[in-house]
Amino acid sequence: MIGTVFRSEDVPAEERFDRWRELIDRTRASDATTDHAADFRAELRVMELGPVTVWRTSFPTVRFRRSVRRVRQADSELLHLSLLTDGGLTQTHERGGTAAVGAGGILVDSSWQACEALAHASGPAVEGQTGVVAGVGVDLPRTALPLPPHQVERVLGHGLSVGNGTGALLAGFLTGLDRQAHALRPCEAPRLGTVALDLVSAFLADALNAETALPAETRHEVLVARIRTFIQQHLPDPELTPGTVAAAHHISLGHLHRVFSEQFPGETVAAWIRSRRLERIRAELADVSLRTLPIHVVAGRWGMPRASQFTRAFRAAYGISPREYRQQALAGQT
């Protein structure tokens, strides 16, 4: 597992808010207040990924204030991105600008600007329980970004969408990172930090129309992430082929194969698509809730509608027929 976890129920009630605030304050220095300090219920996972810190948290409504004094006391200049998954965030900067984001939006902020922010829970309280604000934060040194400082300044204090493109890639990576944190090893943290930095850089460059300012290595890593995400999203489509993947990304088939050979030595694009499909099918064949669904229907749901070809591919991959695998998997669950 990577990261440290804070759960308010593990701490005496009178200490909860202060402990949570101290952890947030390590990368986001501010003065926080809340009406729920007496019974503060929150969770927080902090992941140190090289120079990048990623944290996921949920909490009731809180107001933050970063004063000019706190800015001057900061040890380093950090860029902050806040991805909201529930609730809302409204921020007013010293310059007078105001930005607001809800679930599915990212607010870009920095440690070198004073501001006030209200993170407010969505929906009314239910059965005495307050609503929550939830999201994932990313903090990284200003100097780590491969973008000119004057361009970075243009996005500060703005809310950006993560509905598609590099925004969707970044959001998917951050939320997936939190879900898999328990299975990740500390030795993987630096590599994950590099991926996070590449995606943040590409996301901001896309928002600024400044993709050409990115290093070739960053553009390459983002292209690989886009291709993998595209394939995963289109596995159910039987027409998904290396040609359609290349066309969707406006690259030649030869370029696609070169990218894959570097990322997955010895594996072709078609083989990677097939193996991802077979993994999804195998998982559904072992799912008790889907036991009455015919095998050919399960295969068709994941882009393999030809029964004979699917059966041969499944046996070649796992050394057993789909029917035998389902019988053995389900028998082990009874």
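Two strands count as paired here if DSSP finds at least two bridges between them. Keep that in mind as you move through this predicted model.

**Stop 1: the five-stranded sheet**

Select β2, β5, β10, β7 and β8. These five strands form an open sheet, in the order β2-β5-β10-β7-β8. The pairing is antiparallel. Now look at the edges. They are β2 (31-33) and β8 (98-102), and each pairs on one side only. From one strand to the next, the twist averages 15°.

Zoom in on β7 and β10. They run antiparallel and are joined by six bridges.

**Stop 2: the seven-stranded sheet**

Next, select β1, β3, β4, β11, β6, β9 and β12. This is an open sheet of seven strands with antiparallel pairing, ordered β1-β3-β4-β11-β6-β9-β12. Go to its edges, β1 (4-7) and β12 (158-161). Each has a single partner strand, so one side of each lacks a neighbour in the sheet. The twist in this sheet averages 20° from one strand to the next.

Follow β1 to its partner. β1 and β3 pair in the antiparallel sense over four bridges. Pick Val-5 and look across: Arg-45 in β3 stands opposite.

**Stop 3: the nonpolar cores**

The largest nonpolar core has 43 residues. Among the elements that each supply at least two of its residues are β3 (43-49), β4 (52-59), β6 (78-86), β9 (105-110) and β11 (133-141).

Then centre on Leu-81. Beyond its neighbours within four places in sequence, Leu-81 is in contact with residues including Ile-106, Val-108, Val-138, Leu-140, Leu-170, Val-200 and Phe-203. Arg-28 is also one of its contacts. Leave Arg-28 on screen.

A second core is separate and has 29 residues. To find it, select Val-224, Leu-235, Ile-273 and Ile-295, which are among its members.

**Stop 4: the largest cavity**

The structure holds two cavities of 30 Å³ or more. Visit the largest, with a volume of about 360 Å³. Its lining has 26 residues. Arg-28 and Leu-89 return here: together with Trp-55, Phe-64 and Ser-82, they lie nearest the centre.

Which elements supply at least two residues each to this lining? They are α1 (16-25), β4, β5 (62-66), β6, β7 (88-93), β9, β10 (115-120) and β11. β11 gives the most, with five residues.

**Stop 5: the largest pocket**

Finish at the largest pocket, which holds about 970 Å³ of space. Select Leu-169, Phe-173, Ala-225, Arg-228 and Thr-229. Of the 31 lining residues, these are the closest to the pocket's centre.

Now colour by element. Two or more lining residues come from each of α4, α5, α6 (216-233) and α9 (269-285). The largest share belongs to α6, with ten residues.

Terms used:
Residues numbered from 1 in each chain as written. Predicted model: local features only at pLDDT ≥ 70, side-chain atom pairs only at ≥ 80, totals over all residues. Heavy atoms only, no water. Core = buried A, V, L, I, M, F, W, Y, C linked by side-chain atoms within 4.5 Å. Buried < 20%, exposed > 50% of the residue type's maximum accessible area, 1.4 Å probe, protein only. Contact = heavy atoms within 4.5 Å. Axes fitted to C-alpha atoms, helices over the stretch in contact; angles between N-to-C directions. 1 Å grid on protein atoms, 1.4 Å probe; cavity = no way out; pocket = protein on both sides within 12 Å on 5 of 7 lines; lining within 4 Å. Points joined across faces, edges and corners; volume = space filled by probe spheres on them.
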